[in-house]
Structures are given as C-alpha cells and as structure tokens.
Amino acid sequence: AHTMVQRSLLFVTTLFFATCIVIATVVPLEVVAREKKRCDGADSDDPCASRAAKLLVAYGLIQGVPQTLVGAWLGGVADARGPRLPMAVACVGGAASAAAAAAYAWFELPFAALAASGALFGLAGGYFGLLTAAYAYAARAPAAAAVEPSDSARGPEAAATAGFRPIAVSLFGAFAAAPVAAGVAAARFGSAATLAAAAAAFLVSLAAVAFLVPPVAAKPAAGAPRGALASLRDAGRGVALLLSPSSPAFALSVAWGLIMCNATGGGFVVQYLARTMSKGEVGLYASILGAMAAAGALIGEPLATRLAPGRDVNLALARCGPFCSGLLALGLALVPPRALGGKALFCLLPLAAPLAAANPAHRALVVEAIGESDAGKVLGGLGAVESLVGLVAPALLGAAYAALARAGRPAAANYPLVATAAAAFALLVFAPPRRKKLGGTLSEALLATDAISC
C-alpha cells in the first residue's frame with residue numbers, strides 16, 4: 001500500500017509540476033522572440049524588450065490573482081469532496097491553458113489568447129491548486145500507506161510529514177530537469193509544438209489521477225467547503241499574528257517577505273537572459289539553478305542541522321540565504337551574459353544551494369518565535385505572505401525591468417533584488433528572533449513543507 005500511494009502521487013506531481021515549469025519557461029521565450037521580430041532592422045531592441053516585459057507582467061497577474069483566490073478555497077474542497085477532485089480540476093485547467101498557449105504561438109494570435117490561457121490555468125487552481133490537493137492527499141492517506149517504519153521510530157511529527165516527501169522530491173526533480181528540456185524542445189521543435197506536448201502531459205496527469213491514485217474518502221464532518229473569502233480571512237489572522245509590531249516574529253516575517261521578493265520576483269531574469277542566450281542555454285541555466293536549490297534543501301540543510309543541531313545553526317542558515325541571494329543578484333547585475341563565452345553567469349549558480357537551505361531554517365525560526373501552539377496559524381500566515389508577495393513582486397519588478405530595458409539598462413533591474421536581500425540580511429543580523437521552546441523534530445518536519453515552497 002505504501003508503494004502504491006508513494007509511486008502514484010510521485011508520478012502525478014512530478015509530471016504536473018514539470019509541465020508547469022515547461023510552460024513557465026517557454027511562454028516568456030515565445031513572447032520575447034515575438035517582440036524581437038518587431039525590432040528587426042531597428043537600431044535597438046530595447047523598446048521591444050520593454051513591451052515584452054509589460055506583457056509578461058500582465059500575463060502573470062491574469063494567472064496569479066485567480067490562482068491565489070481559488071487556491072485558498074481548494075483546501076475545503078479537498079476535505080468535503082476528497083483530494084482527487086481538485087487534482088483533476090487542476091489537470092483539466094492545465095491542459096486547456098497549454099492548448100490555448102500553443103494556439104497563441106502557432107497561429108501568432110494576439111496577446112488576448114495568451115491572457116485567456118493564463119486565466120484558464122488560474123481559475124482551475126493552477127499549480128497551487130494541485131499542490132494544495134496533493135498536500136491534503138498526503139495528510140489524509142492512511143498511516144499504514146503513508147509512513148515508513150523508520151519514520152514512526154523518529155517520532156510522530158516525522159511520521160506525520162512522511163507523506164509530504166514525494167511531493168518535495170517531485171518539485172525538485174521538476175526544477176532540475178524541466179527547464180533545460182523546455183529550452184531544447186522549443187529551440188528544436190518550436191514553442192507551439194512544445195506547448196502542445198505540455199497539454200498532452202496534463203491529460204496524462206489527469207488519467208493518472210483517475211486510474212492510479214487510490215481514492216481517499218471525504219470527511220463527512222467537513223460539510224460544504226469554505227468559501228474563498230472565509231479561507232482568506234483565516235490566513236489573514238495568521239498574517240496579523242506575524243506582522244503585529246509587538247510580535248516576536250515581526251522582524252523574521254518582514255525578512256521572509258523580502259526574501260520571497262527575490263524568489264518570486266526574479267522572473268524577469270529569463271527575459272534578460274533570452275536577449276543574448278539561446279533557448280537551450282536559458283533552459284540549461286534554469287535547470288542548473290533548480291538542481292543547486294534541490295541540493296541545498298534536500299542535502300545541505302539536513303546535513304547542517306545534523307552536524308550541529310540547535311537554534312544557532314538555523315539562524316546561521318537563515319542569514320546565509322539572503323546574503324547569497326544578494327550576491328547572485330549582484331552578479332547578474334555586473335557580469336555581462338556573454339562574458340567568458342556565456343559561462344560566467346553559470347559560475348554564480350552554486351549560490352542557489354545555501355539560499356534554498358535557508359528556507360526551512362527560516363520557517364523553523366518563525367514557528368519557534370511564536371510557539372508550537374500557534375504553528376498552524378503561523379504556517380498559514382506565511383503562506384498568505386508568500387501569495388501576496390508572489391502577486392506584487394513580479395508586477396513591480398517586471399515593470400522596473402520594462403522601464404530599464406527601454407532605457408538600455410536591463411541589467412540594472414537586478415539591483416532591487418540586491419536591496420531586498422540586503423534588507424533581509426540586516427533584519428536577521430540586527431533584530432534576531434526571541435526564542436520559545438521548539439520541539440526537537442519540528443525543524444525536520446518543516447523541511448518537507450519548505451522544500452515545496454522553494
């Protein structure tokens with residue numbers, strides 16, 4: 001039973017997340033390439049790069065706003081109707097969205113077609129919808145099917161989170177492999193064919209949900225699913241608990257939001273690299289970045305906490321994250337993309353490993369500062385902070401990139417990322433968190449959760 005649950009969930013989530021990353025890689029490349037055509041023969045392609053950035057900001061908002069609202073509601077749907085329903089809805093929406101994006105690329109349709117693609121994905125819950133449902137499935141699976149004997153021996157918290165590990169593995173596997181595959185496929189077969197293949201992959205995920213993932217009974221006591229507004233109000237209470245000026249986690253939470261600006265707002269980097277790199281090179285860059293992040297979160301962080309357990313290690317890792325993020329952004333701002341034959345920027349990618357390793361340590365510090373009794377509210381509040389930053393940061397940073405690209409200084413768009421990383425680092429150094437007692441296995445239990453947020 002354990003093998004069936006783990007393998008089926010691993011297959012669905014890996015295929016779904018990899019397909020999402022393929023779309024997230026190919027769509028910006030297609031928009032940039034189409035806008036470049038407008039500048040053929042012109043003295044500068046900066047105005048066209050600026051227009052591409054503005055279109056991608058709009059695309060992100062059209063997809064992200066409904067995804068955030070629908071995703072906040074899907075947890076209740078999973079409780080009342082069973083987790084497989086929102087998983088299936090996300091797969092159907094993904095297939096429809098990828099098909100619309102393929103039509104946009106093949107027939108060279110106007111931006112409205114791409115906007116419709118983003119809206120379809122968002123209204124179906126998007127990757128956040130399937131992630132929420134997969135979480136619910138892992139948490140609801142019978143103990144005998146979701147927990148290895150070694151997990152039970154390590155304690156109840158480790159056993160409770162054992163089902164989350166396949167989701168974390170699937171995400172990191174997707175981040176490591178999908179971008180380079182997307183770049184190579186788009187360069188060889190074209191964006192339209194790659195996006196059509198993504199639509200087919202979503203349909204395969206749907207079939208796997210229907211025929212491979214074992215059913216989990218709904219909770220009769222759950223009743224009707226809570227509305228999106230009610231779910232958002234619950235998350236708002238957690239945010240208030242974190243961001244109250246008197247909260248012991250206030251500085252930590254602000255630092256977390258600043259770090260997430262870099263994690264979610266750096267999407268313009270794909271556009272920046274696509275100005276001088278081929279599609280395959282851009283995909284390879286993103287894949288190595290994902291592989292480094294996977295190594296940091298799945299190997300580096302657990303190794304550090306086992307070699308030197310304790311709060312000081314968590315705090316050191318949390319400080320290391322924004323420091324390395326700032327160095328990475330500064331390198332992107334100062335090093336020309338074609339320096340050393342295009343290899344110079346690749347030398348910066350190992351900085352992603354400590355950045356990813358910092359995420360579970362930072363979250364453990366936040367929970368520690370508030371106390372275990374409010375851990376659920378804290379994690380929900382952090383999720384709300386991530387969602388809010390995930391909407392605002394890409395729009396603001398994308399607009400800054402568009403303006404700077406028009407002015408002929410696209411690399412300067414990385415300096416705001418340096419500033420947010422420096423501010424987060426300063427908060428963690430000069431306003432260290434106050435300590436409450438933290439259970440010995442809670443930091444480990446948070447690893448699977450934070451690996452997914454990476």
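**View 1. Serine 205 lies in helix α10.** This is a predicted model, in which local features need pLDDT of at least 70 and side-chain atom pairs count only at pLDDT 80 or more, while totals for chains, interfaces and linings use all residues. Residues are numbered from 1 along each chain as its sequence is written, and side-chain values use heavy atoms, with hydrogens and water left out. Helices (H or I, at least four residues) and strands (E, at least two) are DSSP runs, numbered from the N terminus. Serine 205 has a relative accessibility of 0%, so it counts as buried. Buried means under 20% relative accessible area, exposed over 50%, and partly exposed in between (1.4 Å probe, protein chains only). Leaving aside neighbours within four places in sequence, serine 205 is in contact (heavy atoms within 4.5 Å) with Val12, Leu15, Phe16 and Cys91.

**View 2. Helix α3 (residues 84-106) packs with helix α4 (residues 111-123).** Two packed helices are described by the angle between their axes and the distance between the axes. Here the angle is about 170°, and the axes are 8 Å apart. Axes are lines fitted to C-alpha atoms, for helices over the stretch in contact, and angles run from 0 to 180 degrees between N-to-C directions. The two helices, α3 and α4, are therefore roughly antiparallel to each other. Angles over 145 degrees count as roughly antiparallel, under 35 as roughly parallel, 65 to 115 as roughly perpendicular, and the rest as oblique. On the α3 side, the contact involves Gly93, Gly94, Ala96, Ser97, Ala100, Ala101 and Tyr104. On the α4 side are Phe111, Ala113, Leu114, Ser117, Gly118, Leu120 and Phe121. By class, the contact of α3 with α4 has nine nonpolar, five polar and no charged residues. Ala, Val, Leu, Ile, Met, Phe, Trp, Tyr, Cys and Pro count as nonpolar, Asp, Glu, Lys and Arg as charged, and the others, Gly among them, as polar.

**View 3. Glutamate 108 sits in the loop between α3 and α4.** Its phi is positive, at about 50°, although glutamate 108 is not a glycine. Most residues other than glycine have a negative phi. With a relative accessible area of 54%, glutamate 108 is exposed.

**View 4. Leucine 258 is found in helix α12 (residues 250-265).** Beyond neighbours within four places in sequence, leucine 258 is in contact with Thr420, Ala423, Ala424 and Leu427. Alanine 393 is 135 residues from leucine 258 along the chain, yet their C-alpha atoms are separated by 9.5 Å.

**View 5. Threonine 276 is placed in the loop between α13 (268-274) and α14 (279-307).** At 40% relative accessibility, threonine 276 counts as partly exposed. Setting aside neighbours within four places in sequence, threonine 276 is in contact with Pro337 and Arg338. Threonine 276 and proline 337 are 61 residues apart in sequence, but 6.9 Å apart in space, C-alpha to C-alpha.

**View 6. Over residues 142-162, pLDDT stays under 50.** pLDDT is the predictor's confidence in each residue, from 0 to 100. For residues 142-162, the model has 30 contacts beyond four places in sequence. Residues 437-454 also have a pLDDT below 50, with 49 contacts in the model beyond near neighbours in sequence. Where pLDDT is low, the predicted coordinates should not be read in detail.
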